Amino acid sequence: MDTIFALSSGLLPSGIAIVRLTGPCIKSILRQFIGFIPEPRYMSLCTIRSSSAEILDKALVVYFPAPKSFTGEDCAEFHLHGGKAVVARILEELTAIPGFRLAEPGEFARRAFAEGKLDLTEAEGLADIINAETESQRRLAVMGTSGALATLYRNWRSSLIKARALIETELDFSDEEDISNFAHDRIWADIICLRDDILQHIHNGKRAEVMRDGLKIVIAGAPNSGKSSVMNRLAGRDVSIVTEEAGTTRDALEIRLIIDTLPIFVIDTAGLRDTENHIEKIGIDVAIARMKEADLIILLDDMHNPQIVDLPEISTTVWHIGNKLDLGRGDCNRWPLQFSVWTGEGWDGFIEKLTTFCHEKIVNIGDIVPARRRQITLLENGLSELNAALETDTSNPELRAEHLRYASNYLGRVTGDIDIEDLLDVIFSEFCIGK
């Protein structure tokens with residue numbers, strides 16, 4: 001196996017640049033670069049020299065012997081001065097050594113997984129915490145990195161394996177009435193409780209997806225109702241073209257915002273109307289598609305020149321909002337919320353309501369919830385198998401046990417305990433180089 005290395009710190013130049021190494025040749029490279037093996041897990045101030053004994057830098061060096069390292073292999077870190085030339089020369093020296101190469105994205109984490117230092121939920125949590133932009137995303141990612149998710153799923157899987165063992169006991173000693181009754185009474189009551197726990201867990205996870213991926217808010221309405229102006233005011237800059245000409249917006253324009261630590265995507269769409277313009281029709285089709293995916297639709301009207309618009313059949317929450325409050329108040333029954341995007345009158349009330357809506361959509365961050373669609377999908381598959389086991393006739397215990405086996409396998413795939421080789425490239429490719 002190659003020894004790999006990468007710049008694991010941020011963009012250069014910087015105060016400090018950390019070059020991380022892992023693999024079987026760490027001791028030899030330490031002897032070559034600094035002349036000795038430092039005391040494990042202690043920072044040592046060392047002079048780093050090239051293969052020709054040229055001084056490259058004076059830096060802190062840390063040695064992490066296996067298995068007590070991030071990857072489970074021998075590891076080392078060079079805490080260099082963060083100049084571009086310094087780092088480039090160190091990487092050049094390392095590249096020239098046989099058996100050494102630059103790490104691929106996520107390769108350090110993948111080796112940690114292979115050595116049992118991380119499970120898949122911890123690896124995904126690690127990727128999420130690196131990419132977290134908001135406090136809510138950080139707190140969600142910490143659940144994965146803490147191992148709480150893996151512990152929960154492994155406990156559930158252990159319960160299913162024990163249930164299958166009891167069923168096998170029932171089959172092997174079916175002539176013993178006491179054993180049969182004991183197995184039936186214990187197994188299926190526990191399975192029902194487990195099924196309900198997983199169902200609630202999946203529900204919470206779907207709500208938690210909003211924290212990770214962002215709440216989708218679509219601004220819709222007739223042309224010239226003020227949609228693009230609302231987009232610009234939310235963004236705090238001109239991101240949408242605003243003119244008096246109808247049909248200016250021909251595509252869905254999307255911006256990412258943070259509202260009270262929560263990530264949201266705001267999407268400005270083409271005005272909804274009957275038109276013969278082919279390009280505008282395409283824009284309206286895109287608007288309808290985005291509305292079907294939205295968590296909230298802000299249906300905007302010019303209160304002083306309202307136009308009827310036809311929304312697609314959707315179950316999404318729709319807010320009917322009246323614009324141009326500066327020209328006078330409209331019908332409060334038709335537009336419960338009114339503002340003037342031009343003057344800002346009523347805008348604070350709108351933002352307050354929007355913030356409340358976003359928080360109501362978010363699961364209690366204190367709960368242990370799945371943070372990835374992959375996890376939720378596997379849990380849903382396992383739930384289907386549990387339902388199938390419960391619905392199978394009690395006279396067929398072998399088939400019921402088989403459904404429990406499938407359910408436990410799905411739980412094992414969540415943590416990476418079984419049958420996940422096809423997922424590894426996808427999961428670890430999300431990491432940056434050096435992690």
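Predicted model: local features only at pLDDT ≥ 70, side-chain atom pairs only at ≥ 80, totals over all residues.
Now the core. The largest nonpolar core has 27 residues, and those with the most contacts inside it are Val 230, Leu 234, Ile 264, Val 266, Ile 321, Phe 339 and Phe 350. Which elements give two or more residues to this core? They're S7, helix H8 (227-235), S8, strand S9 (262-268), S10, strand S11 (317-323) and helix H10 (347-361). H10 gives the most, with five residues. Zooming in on Val 230, and skipping its neighbours within four places in sequence, we find it in contact with Ile 219, Leu 300, Phe 339, Val 341 and Trp 347. Apart from that core there's another one, of 25 residues, with Ile 26, Tyr 63, Phe 78 and Leu 94 among them.

On to the other sheet. This open sheet has six strands as well, ordered S3-S4-S5-S2-S1-S6, again with mixed pairing. S3 (44-49) and S6 (100-102) are the edge strands; each has a single partner strand, so one side of each is left without a neighbour in the sheet. On average, neighbouring strands are turned by 30 degrees against each other, ignoring direction. S1, residues 3-7, runs parallel to S6, joined by three bridges, and Phe 5 has Leu 102 in S6 as its bridge partner.

Two helices go with this sheet. H2, residues 84-95, packs on the sheet and touches S1, S2, S3, S4, S5 and S6, with its direction at about 150 degrees to that of S5. H1, residues 26-34, lies across strands including S2 (14-22), S4 (55-64) and S5 (75-82), and runs at about 80 degrees to S3.

Last stop: H11, residues 373-391, and H12, residues 397-415. How do their axes cross? They come within 8 Å and cross at roughly 170 degrees, so H11 and H12 are roughly antiparallel. By class, their contact has 12 nonpolar, four polar and four charged residues. Among them, Leu 378, Glu 385 and Leu 386 are on the H11 side, and His 403, Tyr 410 and Arg 413 on the H12 side.

Key:
Residues numbered from 1 in each chain as written. Heavy atoms only, no water. Pairing = 2+ DSSP bridges. Helix = DSSP H or I, 4+ residues; strand = E, 2+ residues; numbered from the N terminus. Axes fitted to C-alpha atoms, helices over the stretch in contact; angles between N-to-C directions. Contact = heavy atoms within 4.5 Å. Parallel < 35°, antiparallel > 145°, perpendicular 65-115°, else oblique. Nonpolar A, V, L, I, M, F, W, Y, C, P; charged D, E, K, R; others polar. Core = buried A, V, L, I, M, F, W, Y, C linked by side-chain atoms within 4.5 Å. Buried < 20%, exposed > 50% of the residue type's maximum accessible area, 1.4 Å probe, protein only.
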